[in-house]
Amino acid sequence: MARAIVNVPATARRGDVIEIRTLIAHPMETGYRVAADGQRVARDLVRRFTCRYNGEVVFAAELFPATAANPYLVFCTVAVDSGTLAFTWEGDRGFAQTETVAIRVT
Amino acid sequence: MSRVAAGARVLALVAATVVLAASPACVQSDARRPGSATMSPQTRAMQRDDAQNPAMLWVADGEALWSRAAGPAGRACADCHGDARASMRGVAARHPAYDEASRRPVDLGQRIAACRQRHQQAGPLAPESHERLALEAYVALQSRGMAVAPPADPRLDAHRERGRALFHQRIGQLDLACAQCHDANAGKRLGGSTIPEAHPTGYPIYRLEWQSAGSLQRRLRGCMGGVRAEVPPYDAPDLVDLALHLASRAAGMIVDAPGVRP
Amino acid sequence: MNDRIDPADRSRRRLLALAAGAGAWLAVRPARAAPDDLAAAIRMYAGGADVRGGGVTLDVPELVDNGNSVPVTVDVDSPMTAADHVAAIAIFNERNPERDVARYTLGPRAGRARVSTRMRLATSQTIVAVARMSDGSYRSHAVDVVVVLAACIEGDV
């Protein structure tokens with residue numbers, strides 16, 4: 001399922017600072033919540049986000065329970081070459097998802 | 001300006017007002033405000049911008065489900081309905097609508113679930129299941145920007161009237177009717193929140209309180225629980241009749257689904 | 001007026017308000033964190049280095065609809081060159097169960113030191129953004145936020 005949405009400009013000029021916006025479906029269960037049955041709901045978080053530009057890490061994030069459910073993250077990078085931007089989210093219970101987007105730099 | 005010209009201008013204004021008054025959609029849309037109108041600028045921005053709107057995650061899944069075969073029939077929604085962007089345009093704006101098979105009004109989620117069982121022979125899509133919300137969000141998006149247009153089907157009249165009666169009936173330990181908050185006190189504050197006018201233009205919505213997408217039925221049940229009333233089960237006739245009444249109150253307002261609400 | 005409500009009823013009301021408006025998420029741990037905790041978390045992040053104000057803008061609404069999802073943007077003044085850039089940005093809070101919100105790793109490849117996200121706020125409190133510059137210095141900006149919890153009493157039904 002398409003459970004992540006990534007917005008990257010399809011084309012950019014070399015040297016331009018481009019804005020990247022990402023959204024991923026995840027409950028970001030804090031581990032502090034108690035369910036109706038009185039049991040604590042187990043923690044289930046996205047812990048780490050990484051953006052690689054043609055294989056090189058250009059931005060990374062560590063997330064904690066205070067990051068809202070369905071994490072939204074906006075950051076910038078410099079358009080250097082045509083190629084691929086790869087976005088990886090990793091978390092508890094073996095959560096791992098990668099999305100890739102092509103960019104053409106002129 | 002001569003007196004005659006001024007008089008003519010006043011007349012023209014009066015005429016324009018009469019024309020406006022003759023078209024109920026125009027007059028009402030001047031006075032009525034969607035739930036988004038009283039939200040903070042941040043929450044409004046979240047709804048307005050698809051890249052920020054978390055409900056678009058459900059839309060994306062709904063789009064994928066639309067063309068995925070399901071059930072023994074091996075058919076996808078797209079096999080019958082084609083491109084949803086054309087075939088589903090305006091469908092959400094017309095729901096709840098009369099369902100021939102069950103001889104009852106159904107809301108959009110129920111319609112999708114029924115279609116799935118009748119034509120795809122696929123398993124039921126439970127209320128508030130991810131799949132039902134995803135398909136509902138995808139279909140609702142196709143009506144974005146259109147006017148809410150409840151069908152003028154006489155078979156709906158009795159249900160609409162029943163929904164109107166439910167809206168004005170005091171319920172629960174707090175002994176409150178929907179109308180007491182959403183008609184008589186709309187725009188005022190309840191604690192920290194502004195009481196909305198209860199126009200269901202954005203469903204399914206992503207509600208910050210839920211940290212998830214949810215249907216109008218979920219919202220109605222939440223309100224009923226809030227006034228300590230007995231809460232009908234999902235897909236109960238009461239909820240659909242209420243939705244019919246809400247749709248007629250909101251007739252002519254602009255669909256802004258999928259909405260974001262606090 | 002208040003003294004006409006008996007204390008047991010008053011505490012029950014308070015509990016209801018907590019459980020209903022805020023969700024059990026914040027009811028589990030009362031606000032026992034003090035500003036000291038926040039200062040300690042920032043000190044640890046900076047490794048004891050001086051954290052100065054200026055050059056960092058933390059943009060967060062001062063009054064929010066719902067603490068479940070509060071937009072935040074951190075913008076740091078920096079040329080973002082190999083020699084002079086922002087290496088990391090962290091966001092801390094005063095009164096959630098944990099002080100950390102998120103920690104970001106940046107570099108000259110970012111081009112601009114600006115990050116936006118959405119965070120949870122258990123209650124009204126101070127939020128602090130801290131930037132680590134490439135020369136090892138730290139800058140910060142703190143903002144006080146008032147959280148207006150949803151008033152509609154809605155449980156799981």
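1. Two strands are said to pair if DSSP finds at least two bridges between them. Strands (E, at least two residues) and helices (H or I, at least four) are DSSP runs, numbered from the N terminus. In chain A, F49(A) has W89(A) in β7(A) as its bridge partner. The strands concerned are β4 (residues 46–53) and β7 (residues 83–91) of chain A, which run antiparallel and are joined by 7 bridges.

2. This is a predicted model, in which local features need pLDDT of at least 70 and side-chain atom pairs count only at pLDDT 80 or more, while totals for chains, interfaces and linings use all residues. Residues are numbered from 1 along each chain as its sequence is written, and chains are lettered from A and ligands numbered from 1 in the order in which they are written.

3. Strand β7(A) also pairs with β8 (residues 96–105) of chain A, in the antiparallel sense and over 8 bridges. Within this pairing, E90(A) has A96(A) in β8(A) as its bridge partner. The two strands form a hairpin with 4 residues between them, and R93(A) in the turn has a positive phi of about 55°.

4. Strand pairing also links chain A to chain C. Strand β5 (residues 56–63) of chain A and β6(C) run antiparallel and are joined by 4 bridges. Here R103(C) in β6(C) stands opposite E62(A).

5. The contact between these two chains involves 29 residues of chain C and 24 residues of chain A (two residues are in contact if their C-beta atoms, placed from the backbone, lie within 7 Å). On the side of chain C that touches chain A, at least two residues each come from α2 (24–27), β6 (100–105) and β7 (114–119) of chain C. That side has 11 nonpolar, 8 polar and 10 charged residues. In this classification Ala, Val, Leu, Ile, Met, Phe, Trp, Tyr, Cys and Pro count as nonpolar, Asp, Glu, Lys and Arg as charged, and the others, Gly among them, as polar.

6. Chain B is assigned domain 1 (1–31), domain 2 (35–51 + 147–261) and domain 3 (55–141); such bounds come from an automatic or database domain assignment. The C-alpha centres of domain 2 and domain 3 of chain B lie 21 Å apart.

7. In chain B, 30 residues of domain 2 are in contact with 23 residues of domain 3. On the domain 2 side, β5 (205–207), β6 (212–214), α11 (216–226) and α12 (237–249) of chain B each supply at least two residues. The largest share of that side, 5 residues, comes from α12(B). Its residues divide into 21 nonpolar, 4 polar and 5 charged.

8. Helix α12(B) also packs against α9 (residues 157–167) of chain B, at an angle of about 90° and with the axes 7 Å apart. Axes are lines fitted to C-alpha atoms, for helices over the stretch in contact, and angles run from 0 to 180 degrees between N-to-C directions. The two helices are therefore roughly perpendicular to each other (angles of 65 to 115 degrees). Among the residues making the contact are R160(B) and F167(B) of α9(B) and D241(B) and H245(B) of α12(B). The contact residues divide into 4 nonpolar, 4 polar and 5 charged.

9. Helices α7 (residues 108–119) and α8 (residues 130–141) of chain B have axes that come within 9 Å and cross at roughly 115°. That makes α7(B) roughly perpendicular to α8(B). The contact is made by L108(B), G109(B), I112(B) and A113(B) of α7(B) with R132(B), L135(B), E136(B), V139(B) and A140(B) of α8(B). By class, these residues divide into 6 nonpolar, 1 polar and 2 charged.

Conventions: Parallel < 35°, antiparallel > 145°, perpendicular 65-115°, else oblique.
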